[in-house]
Amino acid sequence: MPLRFALVFVLASTLLVAAEKKPIPNCCPSGAERLSPKQVNSLLDKTEPIQAPRCGHHLHIEGCIVLAIAVDADGRVSCVTTVSGHPLIIGSAIDSVRRWRFRPYAVYGLKKSFCGKVALLYEATEYTVKYALVPDP
């Protein structure tokens, strides 16, 4: 009987740890302006393609990826973290977003770093990934 109790306890503990939601890492440095997704999209200057995942024939996934980003005062992406999205496409999307460029955000004529979220509606096949920005995630 004690062995059964121990086994149940171990399994229950494992399930609780696996089900535990981990907080999203904070990508926003102190002093950075927090912008709405609409404001972030309006500052976007240059995007890069998302590479198709290499995982076999007849791949077809679609959905929405939401990423938290931080952008430095010069418009370069300094941090990207995942909020939600399909695990097969997330890595390629993060690599793409790291290469995006934004127009500088200015407050009273001074450039400031900013952070916010971007949402991408995507359709991925084994050959290509088409995506579009969503104004509000």
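A residue is called buried when its relative accessible area is under 20%, exposed when the value is over 50%, and partly exposed in between (1.4 Å probe, protein chains only). This is a predicted model, in which local features need pLDDT of at least 70 and side-chain atom pairs count only at pLDDT 80 or more, while totals for chains, interfaces and linings use all residues. Residues are numbered from 1 along each chain as its sequence is written, and side-chain values use heavy atoms, with hydrogens and water left out.

**View A. The elements of the protein and the confidence of the model.** The protein holds three helices and nine strands; helices (H or I, at least four residues) and strands (E, at least two) are DSSP runs, numbered from the N terminus. Read from the N terminus on, the order of these elements is α-β-α-β-β-β-α-β-β-β-β-β. Of the 137 residues, 34% count as buried. The average pLDDT, the predictor's confidence in each residue from 0 to 100, is 81 for the protein, and 78% of the residues score at least 70. Confidence is highest in β5, at 97, and lowest in helix α1 (residues 2-19), at a mean of 43. Residues 3-22 have a pLDDT below 50, and beyond near neighbours in sequence this stretch has zero contacts in the model; a contact means heavy atoms within 4.5 Å. Where pLDDT is low, the predicted coordinates should not be read in detail. Among contacts between residues at least 6 apart in sequence, 71% join residues at least 24 apart.

**View B. Helix α3 and the strands that it packs against.** The 12 residues of α3, at 1.5 Å a residue, should span 16 Å, and the end C-alpha atoms are 17 Å apart, which agrees; the expected span is 1.5 Å times one less than the number of residues. Buried in this helix are Ile 89, Ile 90, Ser 92, Ala 93, Ile 94, Ser 96 and Val 97. An α-helix has 3.6 residues a turn, so residues three or four places apart point the same way.

**View C. Ser 92 in helix α3.** Ser 92 belongs to α3, which comprises residues 87-98. With a relative accessibility of 18%, Ser 92 counts as buried. The side chain of Ser 92 reaches the backbone oxygen of Gln 51 at 3.2 Å. When neighbours within four places in sequence are left aside, Ser 92 is in contact with Ile 50 and Gln 51.

**View D. The hairpin of β3 and β4.** These two strands run antiparallel and are joined by six bridges; strands pair if DSSP finds at least two bridges between them. Ala 68 stands opposite Thr 81 in β4. Five residues lie between the two strands of the hairpin, and Gly 75 in the turn has a positive phi of about 95°.

**View E. A cluster of aromatic rings.** Rings of Phe, Tyr and Trp (its six-membered ring) pair if their centres lie within 6.5 Å; planes under 30 degrees apart count as stacked, over 60 as edge-to-face and the rest as tilted. The structure holds four aromatic pairs. In one of them, the ring centres of Trp 100 and Phe 102 are 6.4 Å apart and the planes lie at 50°, so the pair is tilted. Phe 102 and Phe 114 form an edge-to-face pair, with 5.7 Å centre to centre and 85° between the planes. Because Phe 102 lies in strand β5 (residues 101-102) and Phe 114 in strand β8, this pair ties together parts that are 12 residues apart in sequence. Trp 100 is buried, with a relative accessible area of 0%; Phe 102 is buried at 4% relative accessibility, and Phe 114 is buried with a relative accessible area of 1%. Ring pairs link Trp 100, Phe 102, Tyr 105, Phe 114 and Tyr 131 into a cluster.

**View F. Two loop residues, Thr 47 and Tyr 108.** Thr 47 is found in the loop between β2 (44-46) and β3, and is partly exposed, with a relative accessible area of 38%. Not counting residues up to four places away in sequence, Thr 47 touches Trp 100 and Tyr 131. Thr 47 and Arg 99 are 52 residues apart in sequence, yet 7.3 Å apart in space, C-alpha to C-alpha. Tyr 108 is placed in the loop between β6 (105-107) and β7 (110-112). Tyr 108 is exposed, with a relative accessible area of 83%, and has a positive phi of about 55° although it is not a glycine.

Terms used: A polar contact is a pair of N or O atoms within 3.5 Å; within protein, one must be able to donate a hydrogen and the other to accept it, and residues adjacent in sequence count only if both atoms are side-chain atoms.
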